[in-house]
Amino acid sequence: MSARITVQNLHKSLLQLCDTMEKQKNYLSQLDGAIGDGDHGINMAKCFRGVKQKLATATPQDIGGMLNLVGSEIMNSIGGASGALYGTLFLSMANGAQAKSSIGLEDLVAMFKAALAGVRAIGKAEAGDKTMLDTLLPAVEGLEKSQKESQNLASALTAFDKAAHNGMESTKDMKAKIGRASRLGDRTLGHLDAGSVSCFYILKAFVNAYDE
Ligand code: ADP
Ligand code: MG
């Protein structure tokens, strides 16, 4: 059978993501504080504390059900603009994994395309606006390209990880054009966007879920 991400490994990896958000709480708030209102770490920690509680007591059988659980919990936490966007990201991904105990590259591409469409539909941000989308968009485009080139899951995930990281870094040289930070205009240059960093952590959870 070709390489796949299993529900058990994704469950473990998402629990680790919850700990990462807790650990990076001050860093994320500090980034948001430089050009926004300084609450991004608090918002993420709150959302993912709830997710951790839900995941810790669940033994998910299918990836779709598990991602639904994560997305609904984030939605219910009402954590700033980013809460609704990340809730949508996970809920959009869930549809492509209903009743699946494992997913392959083809599933992952479809799921991330849905996530991208969902985040774009409600956030209305464009590439280069200095948001989480600047991490998500190049990562998803990279993943699609890997699939078209018939790469295996391992190398596709390596490219996905790299594209997400580069996307995150690219926000440093961008001027914020949407959201709270856009009010500061030129003064946002030279700072990483907080959401691009938390988005990188989320995408990394899918990379870490693959156990070769
Ligand atoms: P708030 O802006 O309500 O304080 P957060 O601080 O939790 O919420 O999240 C801010 C992050 O959300 C930003 O760093 C940016 O990446 C992301 N963001 C804000 N608005 C949008 C949008 N319209 N589309 C995509 N991402 C957005
Ligand atoms: Mg904020």
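What share of the 212 residues in the protein is buried? Buried residues make up 53% of them. Buried means under 20% relative accessible area, exposed means over 50%, and partly exposed lies in between (1.4 Å probe, protein chains only).

## Basis of the model

This is a predicted model: local features need pLDDT of at least 70, side-chain atom pairs count only at pLDDT 80 or more, and totals for chains, interfaces and linings use all residues. Residues are numbered from 1 along each chain as its sequence is written, chains are lettered from A and ligands numbered from 1 in the order in which they are written, and side-chain values use heavy atoms, with hydrogens and water left out.

## Overall fold

The protein has nine helices and two strands. Their order from the N terminus is β-α-α-α-α-α-β-α-α-α-α. Helices (H or I, at least four residues) and strands (E, at least two) are DSSP runs, numbered from the N terminus.

The C-alpha trace spans about 50 × 40 × 25 Å along its principal axes. Among contacts with a separation of 6 or more, 72% join residues 24 or more positions apart. Contact means heavy atoms within 4.5 Å.

The accessible surface comes to about 9600 Å², and carbon and sulfur atoms hold 50% of it. These areas come from the Shrake-Rupley method with a 1.4 Å probe; for residues, only the protein chains shown count as cover.

## The largest pocket

The largest pocket holds about 560 Å³ of space. Its lining has 28 residues, and Ala81, Ser82, Gly179, Arg180 and Asp193 are the closest to its centre. Two or more lining residues come from each of helix H2 (25–35), helix H3 (40–56), helix H5 (80–94), helix H6 (105–123) and helix H9 (194–208). H5 gives the largest share, four residues.

By type, the lining divides into 12 nonpolar, nine polar and seven charged residues. Ala, Val, Leu, Ile, Met, Phe, Trp, Tyr, Cys and Pro count as nonpolar, Asp, Glu, Lys and Arg as charged, and the others, Gly among them, as polar. On a 1 Å grid over the protein atoms alone, a pocket is an open set of points where a 1.4 Å probe fits, with protein on both sides within 12 Å along at least five of seven lines; lining residues have an atom within 4 Å of a point.

## Residues in helices

Cys18 sits in helix H1 (residues 7–23). Cys18 is buried, at 4% relative accessibility. Beyond its neighbours within four places in sequence, Cys18 is in contact with Phe48, Val51 and Lys52. Tyr201 is 183 residues from Cys18 along the chain, yet their C-alpha atoms are separated by 9.7 Å.

Gly80 is in helix H5. Gly80 is partly exposed, with a relative accessible area of 41%.

## Loop residues with positive phi

Most residues other than glycine have a negative phi. Ala99 is not a glycine but has a positive phi of about 65 degrees. Ala99 is in the loop between H5 and strand E2 (102–103), and is exposed at 72% relative accessible area.

Ser150 also has a positive phi, about 55 degrees, without being a glycine. Its loop runs between helix H7 (133–148) and helix H8 (153–170). Ser150 counts as exposed, at 63% relative accessibility.

Definitions and conventions
Points joined across faces, edges and corners; volume = space filled by probe spheres on them.
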